[in-house]
Amino acid sequence: MRPVLMRFPILALAGALAVGCGGSGGSQPTTPTPTPAPAASTPACAVAPNETPGPVTDPDGPFFHQVVAARTSDGVSIRDARQVLDHASVPDGVRMSDGSIRIYYVNGAEGAVWVARMDGDLVTPIAPISLDGVLRPRGVVDPDATRLSDGRIRLAYLSGFGAPGSATVRAMCLADSTDGERFTVVGAAVSFGAGDTTTDPSMVRLRSGNWLMAMSRGQTTVLARSGDGAIFTVGETLSFGGVPELATTGDGRVRLYVCANGIESYVSANDGATWQREATVVAPGGSARIVCDPSMVAETDVFLYKTAG
């Protein structure tokens, strides 16, 4: 697919930090983050090539979705929203060490997870990501990116995605990259039984050094926790909405964005033990039939989400 340049003005990254304007894609506490064990023992994280890449023809699928970028100074009030990618779905952004932004998304025209580069007001699709040297790996969707304290980009994603009723075993897998494009699979964060339909991971490192992951199960959100950021233990289910995004605020709280009547936010002052509703971040309506898949790009003023007409 030919790269397309699209313009989107954002605030200068220097000085863009604000209380509440954090996210899972940002730099993490300076305690070194361990690398998970190799994924060889987790079949669901094994990488296989997509032998039939091409447009996703599902009329409700990512070919008919768009990625929108907006600006925010507090993580809940957005402005200057505009489309930056077409035929693109489930976006997630991360600020790189050089200050540029990478946007990970499912490319509905190509049938793979792609990465785009965002420099100031320019968004340029780059290429599909690779896992263990394989471009367009099969069954990989729902990317969520985090920059670790050593500059690596850690990607959490759903592996084993297939047609409804498929017997393929699923897992939330982790992969690391030094350039944000070529990833090495390092392990399964959460493994599921046959028939499980959990999707859309988002993870963040808490002020305690522990990690919190949120996942979508229909119109609910499932939380999981980890002490090392490698293996997560599934815990409670929240009824606020699905397709979650986790972020941290400048004062150490955790923010949870969910899809529920648009995009809503909740906050927690105790690392996700209890939550309080905060705001409607993106209201439904207008020309968009769907408004979902939020991503707060940490250490920037950029807020991403998906729409569909």
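A175 counts as buried because its relative accessibility is 0%. Buried here means under 20% relative accessible area, exposed means over 50%, and partly exposed is in between, with a 1.4 Å probe and protein chains only. A175 sits in strand β12, residues 171-177. Strands are DSSP runs of E with at least two residues, helices are runs of H or I with at least four residues, and both are numbered from the N terminus.

Before going on, a word on the source: this is a predicted model, in which local features need pLDDT of at least 70 and side-chain atom pairs count only at pLDDT 80 or more, while totals for chains, interfaces and linings use all residues. Residues are numbered from 1 along each chain as its sequence is written, and side-chain values use heavy atoms, with hydrogens and water left out.

Back to A175. Which residues is A175 in contact with, leaving aside its neighbours within four places in sequence? They are L131, I153, R154, L155, Y157, F183, T184, V185 and V186, where contact means heavy atoms within 4.5 Å. Take R154 from that list: R154 and A175 are 21 residues apart in sequence, yet their C-alpha atoms are 5.7 Å apart in space.

Two strands pair if DSSP finds at least two bridges between them. Within this pair, L158 stands opposite M172 of β12.

Both strands belong to an open sheet of six, in the order β9-β8-β13-β12-β11-β10, with mixed pairing. β9 (134-135) and β10 stand at the edges with a single partner strand each, so one side of each has no neighbour in the sheet.

Next, another sheet. Four strands, in the order β14-β15-β16-β17, form an open sheet with antiparallel pairing. Its edges are β14 and β17 (233-238), each with a single partner strand, so one side of each is left without a neighbour in the sheet. From one strand to the next, the twist averages 25°; axes are lines fitted to C-alpha atoms, for helices over the stretch in contact, and angles run from 0 to 180 degrees between N-to-C directions. β14 is joined to β15 (residues 211-217) by five bridges, and the two run antiparallel. S202 has A214 in β15 as its bridge partner.

Now to β2, residues 65-72. Why is β2 described as largely enclosed by the rest of the structure? Because eight of its eight residues are buried. H65, V67, A69 and R71 point one way from β2, Q66, V68, A70 and T72 point the other way, and all are buried.

β2 has pairing with β23 (residues 302-308), through seven antiparallel bridges, and R71 has V302 as its bridge partner in β23. β2 also pairs with β3 (residues 78-86), in the antiparallel sense, over six bridges. Here Q66 stands opposite D86. β2 and β3 form a hairpin with five residues between them, and G75 in the turn has a positive phi of about 85°.

One more residue, V106, is in strand β5, residues 101-107. With 11% relative accessibility, V106 also counts as buried. Its contacts beyond four places in sequence include V90, V141 and P143. V106 and V90 are 16 residues apart in sequence and 6.2 Å apart in space, C-alpha to C-alpha.

Rolling a probe the size of a water molecule over the atoms shows where empty space is left. On a 1 Å grid over the protein atoms alone, a cavity is a set of points where a 1.4 Å probe fits but cannot get out, and lining residues have an atom within 4 Å of a point. Grid points are joined across faces, edges and corners, and the volume is the space filled by probe spheres set on the points.

How many cavities of 30 Å³ or more does the structure hold? It holds one. The largest cavity has a volume of about 120 Å³. Of the 14 residues lining it, P91, P143, D200, P201 and P244 are the closest to its centre. β4 (88-95), β10 (140-147), β14 (199-205), β18 (242-248) and β22 (290-296) each supply at least two residues of this lining.

Finally, the whole chain: the protein has zero helices and 23 strands. Of its 309 residues, 58% are buried.

Methods. On a 1 Å grid over the protein atoms alone, a cavity is a set of points where a 1.4 Å probe fits but cannot get out, and a pocket is an open set with protein on both sides within 12 Å along at least five of seven lines; lining residues have an atom within 4 Å of a point.
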